[in-house]
Amino acid sequence: MESDDTVPFEGREAGQHSPAALRAAWDKLYRARAILEAEQAHLRDDRMAIQGELDALDAREQAVAAREEQLRAYEQQLALARQVVLDERESESAIKRFTKTPFSMAKSVFGKKE
């Protein structure tokens, strides 16, 4: 049995394994890898940006909590001062309050305006 072809089966698979086909396949692989690396870089950048936003949000949240605590302390001081004033008024005698009333009214009318 002799064959005319010197390399058997070359004709059938020559298109898939030719140097041009292999070069095209490698080029596709390189392009796909470049696209993947670009997407990974974008994902990394997005992740870093989101982490920065989360850090900024945490800082704002802490600032708001500190501000709320300051306001709460200020309101407690006001309530305590108001209670002290009320206690002083209750402890004054009726005659003392009666005699102070015209002066405090004049003071509120003609006093400093803030």
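Predicted model: local features only at pLDDT ≥ 70, side-chain atom pairs only at ≥ 80, totals over all residues.
1. Overall make-up. The chain holds three helices and zero strands, and read from the N terminus its elements run α-α-α. Of these, helix H2 covers residues 19-91, while helix H3 covers residues 94-110. Most of the points below concern residues of these helices.

2. Burial and surface. The chain has 114 residues, and buried residues make up 0% of them. Since a residue counts as buried only under 20% relative accessible area, this figure should be read with that cut-off in mind. The chain exposes about 11300 Å², of which carbon and sulfur atoms supply 58%.

3. Trp 26, one of its members, is found in helix H2. With a relative accessible area of 47%, Trp 26 is classed as partly exposed, because that class runs between the limits of 20% and 50%.

4. Salt bridges in general. Side chains of opposite charge can pair when their charged atoms come close. In this model there are two salt bridges, and each is taken in turn below.

5. Arg 33 and Glu 37. The side chains of these two residues, Arg 33 and Glu 37, meet in a salt bridge with an N to O distance of 3.3 Å. Both belong to helix H2, where Glu 37 and Arg 33 are four residues apart and so are separated by about one helical turn.

6. Glu 69 and Arg 72. A salt bridge also joins Arg 72 to Glu 69, and here the closest N and O atoms are 2.7 Å apart. Arg 72 and Glu 69 are again residues of helix H2, with a spacing of three residues, about one turn of the helix. Glu 69 has a relative accessible area of 45% and is partly exposed, and Arg 72, at 39% relative accessibility, counts as partly exposed too.

7. Largest pocket. Rolling a probe the size of a water molecule over the atoms shows where empty space is left. The largest pocket contains about 220 Å³ of space, and its lining is formed by Val 85, Glu 88, Arg 89, Glu 92, Arg 97, Lys 100, Thr 101 and Ser 104. The elements that give two or more residues to this lining are H2 and helix H3, with H3 giving the most, four residues.

8. Which kinds of residue line the largest pocket: nonpolar, polar or charged? The lining divides into five charged residues, two polar and one nonpolar. Val 85, which is among the lining residues, counts as nonpolar, whereas Thr 101 and Ser 104, also in the lining, count as polar.

Conventions. Residues numbered from 1 in each chain as written. Heavy atoms only, no water. Buried < 20%, exposed > 50% of the residue type's maximum accessible area, 1.4 Å probe, protein only. Salt bridge = Lys/Arg side-chain N within 4 Å of Asp/Glu carboxyl O. 1 Å grid on protein atoms, 1.4 Å probe; cavity = no way out; pocket = protein on both sides within 12 Å on 5 of 7 lines; lining within 4 Å. Points joined across faces, edges and corners; volume = space filled by probe spheres on them. Areas by Shrake-Rupley, 256 points an atom, 1.4 Å probe, with all protein chains shown as cover.
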